[in-house]
Amino acid sequence: MISFCQMPRLSYTSEVSLQNPNRVQLQISQDTDMNREELGKIMTVRSKQVGVMVNRNNGTKGNEGESKLEPHLGLEFDSAEDAQEFYNVHAAQAGFKIRIGQLYRSRVDGSVISRRFVCSKEGFQTNSRTGCPAFIRVQKNDSGKWAIANVKSDHNHDLGLPGEIQPPSIQRKVFPAARSSAIVSTRTGIRSHENGQQIPTDAVVDVKRLKREQAEGGVPSIQPYKGLEFASANEAYKYYHGYSSCAGFKVRIGQLFRSKNDGSITSRRFVCSKEGHQHPSRVGCGAYLRIQKQESGRWVVDRLNKEHNHQLDSPVASSQKGFREDVNCSLRDINFSDPIDGIDLVKGERENNIGTDWYPMLLSYFQSRQADDTGFFYAIEVDDEGKCGSVFWVDGRSRFSCSQFGDAIVLDTTYRSNSYLVPFASFIGVNHHMQPVLLGCALIADESEESFTWLFQTWVRAMSGRLPLSIIADKDTSIQHSIAQVFPGAHHRFSSWQIKANEQQYLGPFLSMDNEFKYEYETCISQSQTPSEFDSAWNALLNKYDLKENTWLKEMYRTRKSWVPLYLRATFFAGIPLDGSMKPFFGTFLNAHSPVNEFVIRYEKAVEQRREEERKEDFNSFNLQSPLHTKDPIEEQGRRLYTLTMFKAFQKELLECFSYVGIKINVEGSINRYLVQKCGNGDERNTVAFNGSNLNVSCSCKMFEFEGVLCRHALKIFQIMNIRELPSRYILHRWTKHAKYGILRDVDSGGGSQDFRALMLWTLREEARNYIEAGATSLERYKIAFEIMQEGRRNLCWQN
């Protein structure tokens, strides 16, 4: 078969074979002097109703022997590609273009059993389409042939002149004989073998030649087929990327498969970029290529599907733009490292996962919000070509909240773990009632390092330069690099849901079948108190179960400081549980199928509900009191300062300390060390260091460092030392009733470095906003508010 890529005007003749009257030959030729051997190839079409065929040329008789072969019921083809190519030629002669329409699959084995090829103006998805009803549908019969089952020839629009439209290139099946003749070089490591017979090692595909041919608008020298062999997965990706660029589609990295023995990658899938339904631009295309790693270390195509359920791009545009830019530039820099988490690491052309209809809707919403909220901030990522990318926005209330609660944040990208149509992400903090608080939102165009770096930098700019002490986000290479770049001092903790999912993926058989392994594994992770203790238990586990070469476990040990509790306790995470059981901010308000026109409504409803819950807790903290259970002045101090929620947590630790004993074990100058253990339970032991000169206390359990509330062990030592009031630095301002109002009792009560200028700035802005709203309700209130403001300004000037 010939390709119609960059093809001159065509003419064709049909003739009935004398040997077989049910066999029609469609002879394709050109008006040029090109190689007749290439142009004179024949496409065979069989007809069950030859007598129905009309011999005509636009209604008039043409040259002798020339005619138009019209599509009709029963017209039979060897393959669906033949039918598509026939309809393509017919459309070019009639003056219209075609697209691939719907396909139908067998309920038994999922194979394609029927296809529709429609006029390019079918439907109403774009302004250029008119809902044209013209189409043909081919059905696969029991013999394996494809016959036209439905046909409609009437168009509802003007047709072009015959021959004016050149048909686009159609993907054709390449048979084994043709493959061998296309193998021309030994420069790369790609080989092919058929029926178990391996081609000599000097017969490989020249990828550079393939690039050159595609850039010149040609077709691939060799098309993908089962048995095609590569030296590496990287070579396979380069090859399929080049092939797809000429064929008119783009590729993504699909699913990977690992060995149950050592966790190494044994198989990879490269899929059409329109595979799946995660966002509107994807249509569930089934085209893919899968490669399998052989014992020799080479990779062989073992599964392949070249059927697309969507219209392919123009091969000329795809070749010249996509291939020259993507292949010649991007493929040189591909980093095909082993992605432990199954995240795509191949750096190719960045795609946009945000539907184009989202941008005007969000922009209109942002502009309306800015008119009402002067603190509203938004930004849209724009590339060098002026194309929109990721979107970030945050209102004034969230920016104010970040000034007090931005020390520990969560990047919630739940959409990545589900089939979400909207790539919606949110920055979440924890307020003084231990409730989730919104600190910003985003739509992430693609999951590249560039996108996440832009997102984090934009968040910092919106938050007046405030940097978090800690951040909880997915274990993803691009996210890790972006955090290290933008938040260099922040402790990155991996998302617990992702850790659990990976444990099931890589250790599932051990965890489900061997209870002893599960117990030892969980004990090693959760019970280790020192690095040496963890290392000892970890190595013992690997040796006992012969897991030293497990790739996933090697990677998890390398990144242990981002997920093992032992290494996380010394960092402030606002008490967010290590098991990830934090109440989601948006809950069920936003789901995988939230449409564009409902997104803003649901988003605002969720925000308003969460802020109403916060207002209720504020009211309760100022107007209700929890009962005291002791006569200890420290308990009264906690009730006076903490919110209700935080006082209950503090009170629990205080009451528990009465069932512990402290034994002095060491004295170093002014520092006394105590061993604190529970009465009747010698297994629970912690070491507390107390400095009598400045009342500093530190416990080995690290509860205060992690949560910001003193533990029962430290409180026990304060009891022993008869301390009647806690130093202010041990009651963090962020947990107090006045946290959101910015009343700083003591600048030392921050649990770490804090940007107090940002706190003061946003506290004054929030207070000013409330002041303006109250003063603008009437003329009398305005006069009073204005006079008070002037008096206040004079006092500030006098202070200087």
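So, the buried residues of helix α11 (496-513): they pack against β12 (251-258), β22 (491-494), α12 (515-527) and α14 (551-558). Some terms here. Buried means under 20% relative accessible area, exposed is over 50%, and partly exposed is in between, using a 1.4 Å probe and protein chains only. Helices and strands are DSSP runs numbered from the N terminus, where a helix is H or I with at least four residues and a strand is E with at least two. When I say contact, I mean heavy atoms within 4.5 Å.

Before I go on, this is a predicted model, where local features need pLDDT of at least 70, side-chain atom pairs count only at pLDDT 80 or more, and totals for chains, interfaces and linings use all residues. Residues are numbered from 1 along each chain as its sequence is written, and side-chain values use heavy atoms, with hydrogens and water left out.

Back to α11. Its buried residues are Ser 496, Gln 498, Ile 499, Asn 502, Glu 503, Tyr 506, Leu 507, Gly 508 and Leu 511. And where does the kink lie in α11? At Leu 507, shortly before the proline Pro 509, and the angle is about 90°. That bend is the angle between axes fitted to the seven residues ending there and the seven starting there.

Now α14, one of the elements that α11 packs against. In α14 the buried residues are Trp 552, Leu 553, Glu 555 and Met 556. Looking down the helix axis, those buried residues fall within an arc of 160°, so they line one face of α14; the arc is taken from the directions from the helix axis to the C-beta atoms. As a reminder, an α-helix has 3.6 residues a turn, so residues three or four places apart point the same way. The cover over the buried residues of α14 includes α11, α12 and α13 (531-544). At the N-terminal end of α14, Asn 550 is the cap, with a side-chain oxygen 3.1 Å from the backbone nitrogen of Trp 552.

Another asparagine, Asn 431, sits in the loop between β19 (424-430) and β20 (436-443). Is Asn 431 buried or exposed? Buried, with a relative accessible area of 0%. A polar atom of the Asn 431 side chain is 2.8 Å from the backbone nitrogen of Gln 435. Leaving out neighbours within four places in sequence, Asn 431 is in contact with Phe 405, Val 437, Glu 614, Arg 734 and Trp 735.

Cysteines next. How many disulfides are there? The count is zero, with a disulfide defined as a pair of cysteine sulfur atoms within 2.5 Å. For Cys 285, the closest cysteine sulfur is in Cys 272 at 3.8 Å, too far for a bond. Cys 701 is in no disulfide either, and its nearest cysteine sulfur, that of Cys 699, is 3.5 Å away. Cys 285 is buried at 3% relative accessibility, and Cys 701 is buried at 18%.

Then Val 151, in strand β8 (146-152). Val 151 is partly exposed, at 29% relative accessible area. Not counting residues up to four places away in sequence, Val 151 touches Pro 71, His 72, Leu 73, Phe 135 and Ile 136.

Last, the whole chain: 22 helices and 26 strands, with buried residues making up 50% of the 800 residues. Among contacts between residues at least 6 apart in sequence, 56% join residues at least 24 apart.

Technical notes. A polar contact is a pair of N or O atoms within 3.5 Å; within protein, one must be able to donate a hydrogen and the other to accept it, and residues adjacent in sequence count only if both atoms are side-chain atoms.
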